[in-house]
Amino acid sequence: MPRDRDPLVVGRVIGDVLDPFTRSISLRVTYATRDVSNGVELKPSQVVNQPRVDIGGDDLRTFYTLVMVDPDAPSPSDPNLREYLHWLVTDIPATTGASFGQEVVCYESPRPTVGIHRFVFVLFRQLGRQTVYAPGWRQNFNTRDFAELYNLGLPVAAVYFNCQRESGSGGRRT
Amino acid sequence: MEEVWKEINLASLHDNSSSREGLNPHNPHFILQDFLARPFSKDPPANRVSANGDTTFLVSPPPPPPATLLSLNSGPGFDFLDNSYPLRSKPRLQMQNNPISDLPNMNCPFEALASPSGLACFDKKRFQDPDNNSGDRRHKRMIKNRESAARSRARKQAYTNELELEVAHLMEENARLKRQQEQLRVAAATPLSGKRTLQRTSTAPF
């Protein structure tokens, strides 16, 4: 797909959160029965509990890190808390899922108050099993810096969904 | 909201002190977006002051040099906006002016709009009069609304692209599975090879 039609680019995930990368590992995120594909809208009530995350690859000895952030915190028009870290799981063996990894930062349910937020899942390949230290706080996390700090390189997969407060009108005037 | 307000003040204070050739409206590279993004950063050029016959518009006479000149509809980049939104801009600007200045202006609003003199001139103080506040707020609101609209369009387009990708992918998979199914059907329909049937062989000595 031409770079400028990639949903991650059009939705500004590549730009605001990530640098351009090539997908190489499958990443499947499922909330209850709903698969997350780029740009779907989910309600807070649908994402209260952590999703099922299945990753691809072929070698069980290769480990991956999963990051979930909200780049539009607290509001997309003034994201001064960008990025808000919702979940951080490391040491996920290839072909398995997040439940097989180390939860460094536990899952926090998205609860956007203002505007329509993007919630981004990013998968990185680790060089080996490694100790990752949780940041002191969730806000103002920087995925790029985090990847550099732990030598994770460019992402191998990413997906995002949109979410607004439960009673939101979708930005439409009612 | 308070932080936004503080931000505007701080930003404009900083802007004032730095060199601003790039943001000078008379710089040929000055673009509309620059104008819209920096309402406070324009110094009134000399010709503006001299051509300013409509001094009644000014809230206070510009001291040399005036701290800022805020003008919603003046400057080179704005002409096309005037033509596009004549209905919107006229009544708003007239509300901003002093009542006295309305009278000479009402007969020829476009001339006034197009004139190089600002329709309102403001001193940049920490505590600003209500006219300036509403101008800032309006401007800020316009920019925020634009950004919000852009985000909305991006959101919609991204989802559409994703769906198109999924459709293409699913159609491919569908075609592949159908081919596979066809092949299996053909394979099942041919007579079984001999080796698959039961046979009597001798393995035991008895």
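**Exercise 1.** How many residue pairs are in polar contact across the interface of chain A and chain B?

*Solution.* Before counting, note that this is a predicted model, where local features need pLDDT of at least 70, side-chain atom pairs count only at pLDDT 80 or more, and totals for chains, interfaces and linings use all residues. Side-chain values use heavy atoms without hydrogens or water, residues are numbered from 1 along each chain as its sequence is written, and chains are lettered from A and ligands numbered from 1 in the order in which they are written.

Step 1: take pairs of N or O atoms within 3.5 Å; within protein, one must be able to donate a hydrogen and the other to accept it, and residues adjacent in sequence count only if both atoms are side-chain atoms.
Step 2: with both residues at pLDDT 80 or more, the rule finds five such residue pairs.

**Exercise 2.** Find the salt bridge between the chains.

*Solution.* Step 1: look for a side-chain nitrogen of Lys or Arg within 4 Å of a carboxyl oxygen of Asp or Glu.
Step 2: the count between chain A and chain B is one.
Step 3: the partners are A:Arg5 and B:Glu164, with the closest N and O atoms 2.6 Å apart.

**Exercise 3.** Describe the contact between the chains.

*Solution.* Step 1: with contact meaning heavy atoms within 4.5 Å, 14 residues of chain A meet twelve of chain B.
Step 2: the buried area (accessible area, 1.4 Å probe, lost on putting the two parts together, summed over both) is about 1300 Å², and carbon and sulfur atoms give 53% of that.
Step 3: in chain A, A:Arg5, A:Val10 and A:Ser77 lose the most area to chain B, together 32% of what that side buries.
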